[in-house]
Amino acid sequence: MTAYTVYLEQLHAMLAAWSKEHQVYVPTAVEGGYFDFKPWREGVEIAFDYDLAYNTLKRYFLPPKEDLVVFDLAAKTAEMVFDAPKQLLFGVHPYDIRGINQLDQIMETGAPDQYYLHRRDATVVFGLTPMRVAETAFWSSMGAGEVDRGFDLFWTKTGPSTFLVEVGSMRGEKMLLAAGELTPASAGAREAARKAHLKIMEMGRSNALNFDWKQVPRLLDKCWNSPLWQKKAELCLACGSCNLVCPTCYCFDIREEADELLQKGVRFREWDGCMLTSFALVAGEHNFRAKALERYRHRYMRKGKYIYDRYGELGCIGCGRCVRACTTNIANPREVFNTLWEASQHED
Amino acid sequence: MKPKIAFFDFAGCEGDQLQVANLEEKLLDILSHVEVVSFREVMTGHSDDYDIAFVEGSITRPEDEARIKDIRSKAKYLVALGACATIGGVNCIKNFMSPDVYKERVYGTSGRWYSTYAARPLKKVVKVDAELHGCPIDRSEFARVVKELLLGRQPWIPDYPVCVECKKAGNICRYDLGRICLGTITRAGCGACCVTEGAHCWGCRGVAPKANLDAAREAMNKNGFDHKTVRDLLRFFLGDTYAPL
């Protein structure tokens, strides 16, 4: 992989140049000691050592609310609307890139989601090797600690003001070299990046799944009737927070609203979540997952088995956002999978 | 023929009708489909001939009951407008005090002249066909529901908690900041406006239909909020919900 050495003092001019054509988002400190992606402008300090972006990055490809179709009630016409601003996400961690990659595949399978794909194509992703691990995160043991695609450039901080930048796409390389030639990375610089990566993988091991993640689908196969589901579900607020912060949850609801003259209108979609009580409500007031237990179990089956059965990887990348988002502390996949694994070890 | 609509108010601040008036140009467009026969916030004149009654405020006096029943008998469709009308709202704080105490506090030595009794939402006295929640109501929601009714569609009101709208807004959870919040049990539809502006959820839209109150209480306690703090916050808007008459 082609790689260049970039110095911190070169970065500012690059950001200024990129932001001429793209809305640039960078990780930065927000209230409460948390970090989140915010629009970059002069004076915004980039938190290269952020542990976790508070909000999921899927909002840049699948916004919380998105217009789909505008229609005219009198003329009986309808037209698709696309809003895909050129944007650059600078500093995305590998596990979040994994999440984006999975969404890419899901959204292209079957009937391709044109809205998602338009936004995705208009978005440049620059990865970043993490320097700290959030206390709720367990991505290192979910096979999500590294990525080999899904980014245009991948940045690793190898010194106080030095980055190794690996090229992931021609688009990325062109943007990197727009302001002039750069020094190709030396063998030593590549080794420094490899060490930085090993270091963070080692740090991530303190919070891990106690077994190989590839065992999760088979484990869940045996756990449909586990008493754990009911016990945990009793504390479920059915607030959907675990769904909505999840980088790989993509469900949405579609509604419409007319204008005040009742002549024109818009059809839009909004995030939905399988933990919400009406998610499975269908015609005739029938709800095929009316019980908290059924909803709670479904989420783990979805993350640990159904997605795997269809796409060959887990629906959980171990970012730990759901762990943080759950007010009653029941949405921790690492804890649930470990508990089920422990219990399964005592069976005949 | 355009449906005739009328606005009425009981114990409340008229803040919900103000929200309707604040729709401004949008309101003028909506008015091309309906005929307003009574709306003292924005017009003079009144007629008893109406199809839809929007009623704000809660019932706080025995004589209010006769008036709301009269409105009910004239209206084909009665919509409760705002927290006082839908859940009793802040008026119900007094339900936890003895009448002597709250009368003295509000009216001083003239308390004995007032026939006030425990506050209650409209549905405790008459049949309510629809509810628009909030303190105050969300004017875009009001406009949307009116449009849905005019188009003959069933109005859509969220039945999930405010947490959903906080996640959509990208807010930092109040509990992650060591603060209390009722968003975990409160019906959404406000766009999580209070949290977005830096406050916490007070519960003004009432409890979501399937809210897990026990779990929410336990979470508040585990996060360090004692019984009295939790109780007082729940009584602020949800007095009638927690201690129904």
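Colleague: How many residues of chain B are in contact with chain A?

Modeller: To read an interface, ask who touches whom, then which elements supply the residues. This is a predicted model, and in it 31 residues of chain B are in contact with 31 residues of chain A. On the chain B side, α2 (25-30), α6 (139-150), α7 (163-169) and α9 (213-222) each supply at least two residues. By class, that side has 16 nonpolar, five polar and 10 charged residues.

Colleague: And within chain B, which domains is the chain divided into?

Modeller: Domain 1 covers 4-150 and domain 2 covers 163-242 of chain B. Their C-alpha centres lie 25 Å apart. Where they touch, 17 residues of domain 1 of chain B are in contact with 13 residues of domain 2 of chain B. Helix α4 (residues 83-87) of chain B gives the most to the domain 1 side, with three residues. That side of domain 1 of chain B is made up of eight nonpolar, six polar and three charged residues.

Colleague: Now the sheets, please. In what order do the five strands of the open sheet in chain B stand?

Modeller: In chain B the order is β2-β1-β3-β4-β5, and the pairing is parallel. β2 (35-38) and β5 (130-132) of chain B each have a single partner strand, so one side of each is left without a neighbour in the sheet. Neighbouring strands of this sheet are turned by 25° against each other on average, direction ignored. To follow one pair, take β1 (residues 4-9) and β3 (residues 52-56) of chain B, joined in the parallel sense over five bridges. There, B:A6 has B:A53 as its bridge partner in β3(B).

Colleague: In which sense do the four strands of the open sheet in chain A pair, parallel or antiparallel?

Modeller: Antiparallel, in the order β5-β4-β12-β11 of chain A. At the edges stand β5 (77-80) and β11 (252-258) of chain A, each with a single partner, so one side of each lacks a neighbour in the sheet. The twist averages 25° from one strand to the next. β11(A) pairs with strand β12 (residues 264-271) of chain A over seven bridges, and A:F252 has A:W271 as its bridge partner in β12(A).

Colleague: What do β2(A) and β3(A) form?

Modeller: They form a hairpin with five residues between them, and A:G32 in the turn has a positive phi of about 80°. Strand β2 (residues 23-29) and strand β3 (residues 35-39) of chain A pair in the antiparallel sense over five bridges. In β3(A), A:P39 is the bridge partner of A:Y25.

Colleague: How about helices? Which residues of α3 in chain A are buried?

Modeller: An α-helix has 3.6 residues a turn, so residues three or four places apart point the same way. In helix α3 (residues 114-121) of chain A, the buried residues are A:Y115, A:Y116 and A:R119. Seen down the axis of α3(A), they fall within an arc of 100°, so they line one face of the helix. These buried residues pack against β4 (65-72), α2 (94-108) and β7 (123-128) of chain A.

Colleague: Last one: why does A:N338 count as partly exposed?

Modeller: Count its neighbours: A:N338 has 16 C-beta neighbours inside 10 Å, so it counts as partly exposed. A:N338 is found in helix α11 (residues 333-344) of chain A. Beyond residues up to four places away in sequence, A:N338 touches A:L209 and A:N210.

Definitions and conventions
Residues are numbered from 1 along each chain as its sequence is written. Chains are lettered from A and ligands numbered from 1 in the order in which they are written. This is a predicted model: local features need pLDDT of at least 70, side-chain atom pairs count only at pLDDT 80 or more; totals for chains, interfaces and linings use all residues. Two strands pair if DSSP finds at least two bridges between them. Axes are lines fitted to C-alpha atoms, for helices over the stretch in contact, and angles run from 0 to 180 degrees between N-to-C directions. Domain bounds come from an automatic or database domain assignment. Two residues are in contact if their C-beta atoms, placed from the backbone, lie within 7 Å. Ala, Val, Leu, Ile, Met, Phe, Trp, Tyr, Cys and Pro count as nonpolar, Asp, Glu, Lys and Arg as charged, and the others, Gly among them, as polar. A residue is buried if 20 or more other C-beta atoms lie within 10 Å of its own, exposed if 12 or fewer, and partly exposed in between; C-beta atoms are placed from the backbone. The arc is that of the directions from the helix axis to the C-beta atoms.
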